[in-house]
Amino acid sequence: MTTVATGLQGLMMDQPLLLSALLEHAARWHGNAPLVSRLPDASLGRGDWSHCARRAARLAGALQAVGVQPGERVATLAWNSTRHLELYFAIPGMGAVLHTVNPRLFPEQLRHILQHAGDRVVFLDPQLLGLAARLAPSLAGVRRWVVLCDAAELALAAAGLAAVEHPAEAAGQGDGVAALQGLQDYESFLAGHPETFAWPRLDEQAAASLCYTSGTTGLPKGVLYSQRSIVLHAMAISQPDAFCLSARDTVLPVVPMFHVNAWGLPHAAAMHGAALVLPGARLDADSLFALMDGEGVTVAAGVPTVWLAVLEAMRRVGRAPRALQRLVIGGAACPPMLADALGAEFGIQVLHAWGMTETSPVATVARARHATPADVAARVHESQGRPLFGVDLEVVDGDGRALAHDGASQGELLVRGAWVASAYFGETAQPGALRESWFATGDVAQLDAEGLVRITDRSKDVIKSGGEWISSIELENAALLHADVQEAAAIGLAHPRWGERPVLLVVARPGSAPDRADILACMATRMARWWLPDDVIFVSSLPHTATGKLSKLTLREQYRDYRFPEPGKS
Ligand code: AMP
């Protein structure tokens, strides 16, 4: 759309929407609102917004002192903690770009992402020191590794170098900490820097943070959020018909801070002076229950797998965490059974949200309006909701024609808006997914007359296990490395615990009889253990589409009633 000049401008102050303003607001007007953080030793660290702002100022000073430039990407490999929160505000606040990296990715992807982003400084949790030591030799560009702990804790972690979070990294620690250039603990890094910082007046369109998609087809792509898009998104998700956030809330983002800005919750919490509880790496149901109960959490957010487990914990205890009112569930479709049980058994309201890395991520939230018919209102959580103001949706057929909003026609979901990606970072070619000012999501959806969107499938065949992506193509490519595998297809099938788990279908080379364990061992050399298929099924042929591609839709249909082998019996 072209901008039309009217010749008369409004006479309002030109105040850019900046992350530093969020932090200053929280510190100035809600300075005592608590910030609680689960530390690696399981104890709880306590601070408040005023404390966070002082430490973020010291951090910004320290970053400047080591020569971090405006626009430069600074990486974090870390779980949810108040130190990570300081990085969330200090890095974009001083004009650099916070690049959050998912430590669960396969090392090859991590290397690619860190190289592609051009990170020169990486902040990491002490538990991830082993992973960093293995990555470092191939990351010559990184000249400073700062560990989010104090000197004594770093000494301990360096000596141990055992508790590595990445399952595939448990064995062998490469060159050890010697490979980590400029290794330093965070507290020493901050030492001596003042508790105030003159946050620069940046252009609100300046890049603020960077998060890579999980590379379902090809390599991961970087989504570069702006100062303005983050502030607008935080404002939108806080609205009464979205997550209804306020200074009376204590917010627990279970969604990791390395995934799409933890759905914008740290920024929204600062905007309202809400209290924040950050769970560290302990995301099992009992730990989360205890944390929510102890800290009086009113609203928490995460993928369905987490809440399925927490629901079981609530049933064991016979009650919900004492102050819990609502749960934001997204990242994958929320099973209606989960929302029903949380509401009926514990009086907890589920807010089902849809979005993607490219949409910051929240684009729609499911809430009934007063005119919604009662029967629809009761089932509204079965949809992904309506777009928030600032986002628009359309569903189109294969030729790009808009489909009727009749609750039946289904097609590809398109999205556009003030916090939707317009291009990927560092990609010269425009993303194929961008279609005439719309972003084509790759999700298949229906819209109904109530304005509710339902995601019915996704055109990509990515496998979502416990809220994490597993690329079916990578699984297939790895299986094909086995000499006796002629053709392979990986599909995600419903799993009671993980949402989905991968199953591999294999056509063996004529005359050969490959062994299941052999194929898995071959694949294990290429990927993290949790990516490996839970089952390998040998078939004589695989179904294909008219254009010769594997038809995974057909396969998923065929194996709809499949049951996973019980552990130890496969
Ligand atoms: P990501 O970019 O990793 O955040 O993943 C985005 C994708 O997750 C979307 O394109 C959807 O396929 C899926 N997704 C996210 N939220 C939902 C939801 N509420 N229901 C169904 N699928 C979802």
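1. Let's start at the ligand: one of its oxygen atoms has a polar side-chain atom of H259 at 3.4 Å. That pair falls under the heading of polar contacts (N or O atoms within 3.5 Å; within protein, one must be able to donate a hydrogen and the other to accept it, and residues adjacent in sequence count only if both atoms are side-chain atoms). Q384 also has a polar side-chain atom there, 2.8 Å from a nitrogen atom of the ligand. K464 brings a side-chain N or O atom to 3.0 Å from a ligand oxygen. How much of the ligand does the protein bury? Taken alone, the ligand exposes 490 Å², and the protein buries 94% of that (areas are from the Shrake-Rupley method with a 1.4 Å probe; for residues, only the protein chains shown count as cover).

2. Before going on, keep in mind that this is a predicted model, where local features need pLDDT of at least 70 and side-chain atom pairs count only at pLDDT 80 or more, while totals for chains, interfaces and linings use all residues. Residues are numbered from 1 along each chain as its sequence is written, and side-chain values use heavy atoms, with hydrogens and water left out.

3. Who else sits around the ligand? Of the 16 residues there, A353, T357, Q384, D443 and W469 come nearest (near means a heavy atom within 4 Å). By class, the shell has seven nonpolar, six polar and three charged residues (Ala, Val, Leu, Ile, Met, Phe, Trp, Tyr, Cys and Pro count as nonpolar, Asp, Glu, Lys and Arg as charged, and the others, Gly among them, as polar). Strands β14 (349–355) and β21 (453–458) each supply at least two shell residues, and β14 gives the most, with four. Helices (H or I, at least four residues) and strands (E, at least two) are DSSP runs numbered from the N terminus.

4. Strand β14 also belongs to an open sheet of nine strands, in the order β2-β1-β11-β10-β12-β13-β14-β15-β16, with mixed pairing (two strands pair if DSSP finds at least two bridges between them). At the edges stand β2 (44–48) and β16 (386–387), each with a single partner strand, so one side of each has no neighbour in the sheet. Inside the order, β10 (250–253) and β12 (299–302) run parallel and share three bridges, with P253 opposite A301.

5. Now for the other sheet. Open again, it has seven strands, ordered β7-β6-β5-β3-β4-β8-β9, with mixed pairing. Its edges are β7 (184–185) and β9; each has a single partner strand, so one side of each is left without a neighbour in the sheet.

6. Take a look at β8 (207–212) in that sheet. How many of its six residues are buried? Five of them are (buried means under 20% relative accessible area, exposed over 50%, partly exposed in between; 1.4 Å probe, protein chains only). β8 pairs with β4 (97–100) in the parallel sense over three bridges, with L98 opposite S209 and T100 opposite C211. With β9 (222–226), β8 runs antiparallel over five bridges, and A207 faces S226 across that pairing.

7. T76 is in strand β3 (73–77). T76 is buried at a relative accessible area of 0%, and its side chain makes a polar contact of 2.9 Å with the side chain of H84.

8. The aromatic pairs are worth a click. There are eight (Phe, Tyr and Trp rings, with the six-membered ring for Trp, pair if their centres lie within 6.5 Å; planes under 30 degrees apart are stacked, over 60 edge-to-face and the rest tilted). F123 and Y186 have ring centres 6.1 Å apart and planes at 80°, so this pair is edge-to-face. F123 lies in β5 (121–124) and Y186 in helix α7 (186–190), so the pair ties together parts 63 residues apart in sequence. F123 is buried, at 0% relative accessible area, and Y186 counts as buried at 0% too. Ring pairs link F123, Y186 and F189 into a cluster.

9. Finally, L475 is in helix α14 (472–479) and is buried, with 0% relative accessible area. From C-alpha to C-alpha, L475 and M523 are 7.4 Å apart in space, yet 48 residues apart in sequence.
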